[in-house]
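Please consult the sequence and structure shown below.

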Amino acid sequence: MLGIGIKVGGILIPMIRFADDIVILAKTEHDLQRALEEMQIIINKYQMRINSSKTKILVCAREPTINANIYLENQLISQVSSFKYLESLITSDGRSSQEIKQRIGQAKTTFIKKKKILVSKKISRAIKNTFLKTFVWSVALYGCETWVINEKEKRSLEAFEMWCWRRMEKINWTERVTNEDVLTQVGETRSLIKAIKRRRWDMMGHVLRHDEELHHTIIEGAIEGRKPPGRPRNSYISQPKNDVGFDTYVGLKRLDKDRDKWRAKLKTL
């Protein structure tokens, strides 16, 4: 053990692995270089190699201005401001805004590809509504359980929701039809943000019930270091608390002990 990684709640997390997708975690440039060299030695023993062209460096910080010079087999690894891991976009500032923008763009592309079905007058509105939520919204909401959504992102998601209904009904923005009238026409209410809250609530229930797993450690554990000056960011854990009107995280943990009450709260979101 090199003792290299990020400590969360006193537990050292050296890397994150999913099949052959590996993320090495380190606090300093020197530690990251050491960890990569050690991994290279071990991999070579099994006649395997690290693909340097697919290997990237990401410095994650409040203000990521550090240039890391990390080498693999005497080749400088490129540093990026974001990369995809398991189809989710990880950015250097640790925010969800770019991921949400990208998801909305992909969902709009999916809508356009299925436009003939979604705007067809030969298909009932109920079927089209279900089709939209199944094939288009599922693209937009991939990984939404992990997002930290501020007011700006919330407005973008709500605008995307109305964009879908207006396109489906062929209602142009210049026609000055209000959002409420559009929702009445399609027989729907605002439900995209509610869907995100429910999926997040489901995931939080799983996290709280499995305190032996890594994501529980990350949710509850404190990270070493000092808090930076200025107004703190909106935290992930504050979202489920606000959704159900709890002031403390302890309240969430107590509620999770009773699965019936936890499910009952889900219906109120």
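## Domain organisation

The chain is divided into domain 1 (6-91), domain 2 (96-186) and domain 3 (197-267), with bounds that come from an automatic or database domain assignment. The model is predicted: local features need pLDDT of at least 70, side-chain atom pairs count only at pLDDT 80 or more, and totals for chains, interfaces and linings use all residues. Residues are numbered from 1 along each chain as its sequence is written, and side-chain values use heavy atoms, with hydrogens and water left out.

## Domain 1 against domain 2

The C-alpha centres of domain 1 and domain 2 are 36 Å apart. Contact (heavy atoms within 4.5 Å) joins 6 residues of domain 1 to 6 residues of domain 2.

The two domains bury about 480 Å² between them, 43% of it on carbon and sulfur atoms; buried area is the accessible area (1.4 Å probe) that two parts lose on being put together, summed over both. Lys84, Glu87 and Leu89 supply 69% of the area that domain 1 buries against domain 2, more than any other three residues.

## The second largest pocket

Domain 2 and domain 3 both give residues to the lining of the second largest pocket, so this pocket lies between them. About 260 Å³ of space lies in it. Of its 13 lining residues, Ile149, Lys154, Lys197, Arg200 and Gln239 are the closest to the centre. A pocket here is an open set of points on a 1 Å grid over the protein atoms alone, where a 1.4 Å probe fits, with protein on both sides within 12 Å along at least five of seven lines; lining residues have an atom within 4 Å of a point. Points are joined across faces, edges and corners, and the volume is the space filled by probe spheres set on them.
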